[in-house]
Amino acid sequence: MGSERGLDPLAMLNIVESRYQSLLPGFSSVTTRLRLYSFHAWWVTYYMDAVHDPAPEAFNLFARRVEALYALTSAQDARETGVAGRIFANKKLASDNDVLDFRSETDAGTDRDKRYLQPLGGAFTEIYKTQMTESGLLGTAENHKLPVATPAGRALAEAFGTSIEHAGEAFLKAAEAGSVTRNSIAKMEIMLPSHLDQESAEADLLRALLMGEDGSPRSMARRASLLLILRTACDAGKAPVSENLLRWSWAEPNVDRELNETERAWQHYQSGDTTRMVYEALLRHATIELEDYPVGLSMTELCSLLASRLPDLSLADYLNKIDADHSDWTLEDLQADAVAVEAVIGDILAPLSRLRQMWQGRVEALAESYPDRPGYQTCYSELRWLEDRIDRPARTVIAELIRERVLRRHLDVAARKFYISQNYTFLVEIEDARLRARATAGVEMTGPRLGTALKFLDDVDFFREGKITEKAKAYLEAV
Amino acid sequence: MRYDKTFRESGYHTALLTTFSFDPSVFENVLLVALRNHGSRNIAVLADRDMLNNTFGEVKLAGRAGSAYHLAKRKVSGAFHPKIVLQLGDREGRLMIGSANLTGAGLIGNLEAVSTLTVTAEDQRAAPLFAAALEYFVSHTDPKDPAMSRVIARARRQSPWIASLSPKREVEIDGSRIALLFEREDASVGDAMTAFIGEDRISRLIAVSPFWDADLRGLSRLREAMGRPETSIIVDPREQDFDATALSTLGNGVTLHSAALHAGATPRDANTVPRPLHAKIIIACGEAADYVLSGSANVSSAGLFSRAGGAGNAEAGLLRTEPPGTAIERLLLDPCLAVEMPADDLRPRRRQIAIAGEDAPQLTDGGALFFERGELTWIPPTGRPPQGSQIIFQAKGAALDAGREPSFISGAWRVVLGSEIDTPRHAFIRFADGAVSAPVPVSALGRLDYNARTPPGAGPKHILSQIGDLYEVDLEMLNLFLKLQKMRQDNPGRKREGRTSDQDMEDEPKTPGPMSAEDFGLLVEDAGSDGAEFRQGALADVRRIINAKIGIISSFEDEADDDPLSDLIKPEGSGGKPPPSGGGRHRQQAWSSAPQEPGTMEQAAKRVKSLYEHVDRSCEALMKPKIDPLSAVNALGLRLLVMSILRNACLIGDDPSPEHPIPAASRQGEGWIRLIGRLLDRLHFATKGYKKREEQMDEERLEALALLLFAAGTILEAAREATPKVAARLQAINAHLAKTTSSLIADDSIAAAYLERVIAQHDKAYARFSQACSRNEQNAQQT
């Protein structure tokens, strides 16, 4: 049928994602361990120097072999996390064979579900290549399409080679052969992420890479966010720092001073994400309402029905009332309440009301992160939209908001997706000039890479069990 | 094949569609794009008047109606309900008749049934039915509707095979009788079905429908006409129009079933509702055949027993015979029929809700509006006196007009708008009694005619054709070039548009041969550089077009005249042959369209704003590290940008005009001197440390350098006169550019000669600048 629930049903997600991606470039939510950058730089450099076959098939086979072997090495220790191919490796290790032959699982001709990983280019091509290129470790070759190590990538590869001593030679030999003995992989554990010697040259390079010490604009953006994490952790004292703690403490900062650029940017990000979620929650609320009417409701009927549940107040009074009723709630609490399936319209609008209060008189500051362009629907555009109608009756404005900014927006977005991707992502659809429920979709927060940031800081001994380490404190002092 | 995907098939120039329900978003973003991209440009939609008014008033306007396609309203006493898609090509056609409206639900959301017939050049057996379908379509159009008349005339002209046919309502193909049924003055759809079956004894009747009469009288009448056979009713399990009591009045031999058991109704996941039943199918199982009617008619009195001109609906369906005992299985109805639905499960349909203080909108029809040559023509709706009405129209991006009263001139209600107003897109009618109509889309006849032209090809071919059709290098060409480039970036697998027999096809990317470690690891200086690939592809054709327009033609004289591109840029009406005086496709402007009208200052201001934005973006890009400003793609982009600025540049001493709106210099913002100067300044930055490499000095780079040198000289001359303060800086930029160029072409006499020739060609193409310089010099001397 080609029917799919629509992700990003209001086309408000991309701009929010772009916002956080620009704050933490160089890794993603699926890059799992920092030392994998060393590992990939190492074998790519070896391929350049020793194999240098420009055929993509040869390169991909090599990538699959080293990744599969790395997965086998990693699976020996259940505590080692973040290495792709674990299911394959566990299965392989569970066999009785002393020699582990992985040629079939890494062969391009093997069925997808029998490979160590389904993509032919492995995790490297799918995940790490782009991020390592963004980080300046890999570059584009002049004579072929395969990735090659930059001088920075080569330096990291050499440091990794030094760290792993003689294991590297055996590893490459086994990877090229496509088989390894149990005895051999036991000696390769030194290559794994958690075996990084924190005092080694490799660790220094990884720290410098992570903390953006090369000074490029992207690196500086990442550096600013990571320093903010470390400083927030310092301020948190004994409380363990989590992804959630970071995002919400930055969303509603409890400080008297003026925020710096990075803090402001993270606050903008969260305001954008919350606005998006409120709008998606309104769409779901409307859809659930429609489910009671199989033949559908007219747009006017539906919007009036939803808005009729609001008190007879001006929008300003209504939003102020919501905020006063929730004065001791955090934005985090308000958002959690708003996205619950059973949320009533007042609950859904509460985070928006908080954002309005937060940005009152300075909404233009949001233009830094969310430019005013045709088609852009962001916290900047929406808070201004509300402000322009603030003295009108709440029922009228919210009915208009649901009609124009939610339902019609969704119909337009879904129609374009229908043509472009040929997937039917309508959550509400039009039939006989009426709106009809088609499907509901969950309302989810974006994952702004903060989890990965914390893990990577942990990987270089800047963070341990949610707390900043002495090494990181020393680093901060030196900055 | 999935119904929505059928609209992505090529081979047709015309699409005539009818519908009851219409979703402008889905039609314009899905079907219209698919149809137009696949060659159908002559498009008309006929929709139920009240439903369309409700949609416009309640849901959304149809933004492209009246421009990219013609949308007409049809009112009958009941509902205008047929769902027909008639597609016509030069020698082939496709007719789809079914239950699916032109909505997302109709295309994929609902459980629908659509029957398809095709004719080809070789097999014309179904063609008489196509002629009947066209005749039926025409019978529901307003003869006073000029846009529809033109669509129909174009369809007939371009499909002579259908124009010469006598319509027939029934044909026989491979032993199967196929009939096109619709409401007629002498017979309803139900009557026609009964007549079609004739004397054959019907043992079982299966009726599938989402909507029914509350007392099931339509079904009852059909059943009586067929001799009261055993009857199975398949309904949408969620809501129905009749209850158990009504069901019991049909007597024995009637069973109830749920459509939810049909394989196509299953929801994709727990968050998705089951596909609502919208298919309308009647199967009469006879001794000689199964008779299967599939179309728009619900199993109701209004659906099955309405006659033309009388009360009730307009409906259409295809009725065909199938081998006896086969239809149920073919339509996958066995699972539904295997399980009976208890009559107690019937639930009355809820049609609308009452909201305190909110009346259901009453939308008044506003008739039809047409725009041509500055004049708005109004066909008033029936039943309302047109006298004293006002037309309140809105052009794209403009505010609503205050309202103008039409006058009855030469047999029609007209408003002369003049040339100062852009084409109105839609309007409201305020009637003398104060009632305001639902929005009425305005059919712009000229635009519809233009948009109905047969396209030369899709994708890059089409864009190239558009580029070739442009009279001169201007913003529009730059935008098309960027579109082409984006298309190329979005389809990385199609980047290598190698010149093969079909330009849209590409060569398989070739893997380079074995190489040394040193060669393997060599990093590119510019990750965006793609010269070799560029020279083979569609973008290279853009360069050839620009060069032809500038008159740089000699380097291509050896190219064959039968290049596919030549056909793409031929204007309509050339008879498929190169123009006799052209002497080849590279003659300057040989096939270009006429120059565009300069338009209004407002339009020019938009153009200028867009050019400024392009310059901003280019300057920003030129500041990026490792950018090669003269890579094949960048060189072409820069050329188009600079040429677009020059095209819009107003000469010193002249006032900005719609044709040349950018002043040389201005206090408020940048003039063209600073605009180009800024670009050259950034270029200065980007080419610092530019090293000579053998392959760098190819023709693309030389052409770009030639233009830049010409532009640098032109703005320096102009700055000395208009903005002496910046002249010193421009002098430095000029010197740097000259120095860089001479170092790049040092010891390369061929490159130097080519550069000189291209500069000279620019001098000729932009002679107005040098003429202005001389004029100003003379003026200065006289003063």
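How are α2(A) and α7(A) oriented to each other? The axes of helix α2 (residues 35-51) and helix α7 (residues 167-177) of chain A come within 12 Å and cross at roughly 70°, and the two helices are therefore roughly perpendicular to each other. Angles of 65 to 115 degrees count as roughly perpendicular, those under 35 as roughly parallel, those over 145 as roughly antiparallel and the rest as oblique.

This is a predicted model, in which local features need pLDDT of at least 70 and side-chain atom pairs count only at pLDDT 80 or more, while totals for chains, interfaces and linings use all residues. Residues are numbered from 1 along each chain as its sequence is written, chains are lettered from A and ligands numbered from 1 in the order in which they are written, and side-chain values use heavy atoms, with hydrogens and water left out.

**Helix α2 of chain A and its partners**

In the pairing with α7(A), A:Phe39, A:Trp42, A:Tyr46 and A:Val51 of α2(A) meet A:Gly168, A:Phe171, A:Leu172 and A:Glu176 (contact: heavy atoms within 4.5 Å). The residues of this contact divide into six nonpolar, one polar and one charged.

Helix α2(A) also meets helix α6 (residues 151-163) of chain A, with axes that come within 8 Å and cross at roughly 100°. That makes α2(A) roughly perpendicular to α6(A). Among the α2(A) residues in this contact are A:Arg35, A:Ala41 and A:Asp49, and among those of α6(A) are A:Arg154, A:Leu156 and A:Phe160. By class, the contact has eight nonpolar, five polar and three charged residues.

| Helix pair | Axes come within | Crossing angle |
|---|---|---|
| α2(A) and α7(A) | 12 Å | roughly 70° |
| α2(A) and α6(A) | 8 Å | roughly 100° |

**Helix α5 of chain A**

Helix α5 (residues 122-134) of chain A has 13 residues, which at 1.5 Å a residue should span 18 Å; its end C-alpha atoms are 19 Å apart, which agrees. A kink of about 55° in α5(A) is centred on A:Tyr128. A:Tyr128 is also one of the buried residues of α5(A), together with A:Gly122, A:Ala123, A:Phe124, A:Gln131 and A:Met132 (buried: under 20% relative accessible area). These buried residues pack against α2, α3 (56-75), β2 (138-140) and β3 (147-149) of chain A. After α5(A) comes A:Gly136, whose phi is positive, near 85°.

**Chain B**

Chain B contains 27 helices and 21 strands. Of its 783 residues, 55% count as buried. Among contacts in chain B between residues at least 6 apart in sequence, 75% join residues at least 24 apart.

Notes
Axes fitted to C-alpha atoms, helices over the stretch in contact; angles between N-to-C directions. Helix = DSSP H or I, 4+ residues; strand = E, 2+ residues; numbered from the N terminus. Nonpolar A, V, L, I, M, F, W, Y, C, P; charged D, E, K, R; others polar. Expected span 1.5 Å × (residues − 1). Bend = angle between axes of the 7 residues up to and from the residue. Buried < 20%, exposed > 50% of the residue type's maximum accessible area, 1.4 Å probe, protein only.
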